[in-house]
Amino acid sequence: MKIPFLILCLVLGVASQAAAQTEAVSISTSTLDSGARFEIIQSPHERTITFRLDRFTGTIHRLGNCPKDDGVSSSKCWKEMVVIDQPKSPFISKPRYQIVIDGPQRLIMLMQIETGQTWQTGLEPTDKWYPFIECLNRTDLNCFWRP
């Protein structure tokens with residue numbers, strides 16, 4: 001009785017490990033030059049979400065489907081997203097923005113790397129990025145970190 005039980009446990013263990021490996025998302029990309037202006041980012045937890053980030057200005061586009069106006073072009077297009085309260089700054093020819101994806105929390109953030117200002121998308125089904133709330137009031141209970 002013990003041997004069939006052990007064999008069953010072994011088979012189930014191998015099967016669950018194989019299933020976990022097939023669920024893992026593999027994303028391939030070329031190596032990005034440190035001074036590159038544009039970057040394409042795909043969400044590892046939602047394969048249909050792909051962004052094009054202008055790393056100099058923080059402008060973000062989301063890959064979408066658009067009506068074709070002729071028989072030659074692709075039906076894919078970049079739709080500009082709105083970054084709420086994004087500061088207007090003079091054009092600087094160096095990367096100042098990056099997208100960070102926190103897979104376990106399913107959180108997609110845009111960060112201005114010089115100031116740390118951060119936005120989040122995915123709060124509602126619109127193409128908007130919402131700013132994080134800065135907790136400057138240390139007496140506000142919403143600003144205390146909780147595990």
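Predicted model: local features only at pLDDT ≥ 70, side-chain atom pairs only at ≥ 80, totals over all residues.

Trainee: Which side chain does R62 meet in a salt bridge?

Mentor: D127. The N to O distance for R62 and D127 is 3.4 Å.

Trainee: And where do R62 and D127 sit in the chain?

Mentor: In distant parts of it.

Trainee: How many salt bridges does the count come to?

Mentor: Four. Another one joins the side chains of E114 and K94, at 3.1 Å from N to O. That pair also links distant parts of the chain: E114 is in the loop between β7 (107-112) and β8, and K94 is in the loop between β5 (82-83) and β6 (97-102). They are 20 residues apart.

Trainee: E114 and K94: buried or exposed, or something in between?

Mentor: In between. E114 has 44% relative accessibility and is partly exposed. K94 is partly exposed as well, with a relative accessible area of 40%.

Trainee: Which residue does R55 form a salt bridge with?

Mentor: E39, and the closest N and O atoms of that pair are 4.0 Å apart. R55 is in the loop between β2 (50-54) and β3 (60-65), whereas E39 belongs to strand β1 (residues 38-42). The two are 16 residues apart, and they link distant parts of the chain.

Trainee: Why does R55 count as buried?

Mentor: Its relative accessible area is 11%, and buried means under 20%.

Trainee: OK, on to the strands. What order do the strands take in the sheet with β1?

Mentor: β1-β2-β3-β4, as an open sheet of four strands with antiparallel pairing. The edges are β1 and β4 (76-80), each pairing on one side only. From one strand to the next, the twist averages 30°.

Trainee: What holds strands like that together, in general?

Mentor: Strands of a sheet pair through backbone hydrogen bonds, and the pairing can be parallel or antiparallel.

Trainee: How many bridges join β3 to β4?

Mentor: Five, and those two strands run antiparallel. If you want residues to look for, G64 stands opposite C77 in β4, and N65 stands opposite K76 in β4.

Trainee: And β2 with β3?

Mentor: They pair over three bridges, again in the antiparallel sense. R52 is opposite H61 in β3. β2 and β3 also form a hairpin, with five residues between them.

Trainee: Which residue in that turn has a positive phi?

Mentor: G58, at about 85°.

Trainee: What about the other sheet, the one with β5?

Mentor: That one is open as well and has five strands, in the order β5-β9-β8-β7-β6. Its pairing is mixed. β5 and β6 are the edge strands, each pairing on one side only.

Trainee: Which way do β8 and β9 run?

Mentor: Antiparallel, with three bridges joining them. W119 stands opposite P131 in β9, and the bridge partner of Q120 in β9 is Y130. β8 and β9 make a hairpin with six residues between the strands, where G122 takes a positive phi near 90°.

Methods. Residues numbered from 1 in each chain as written. Heavy atoms only, no water. Buried < 20%, exposed > 50% of the residue type's maximum accessible area, 1.4 Å probe, protein only. Pairing = 2+ DSSP bridges. Axes fitted to C-alpha atoms, helices over the stretch in contact; angles between N-to-C directions.
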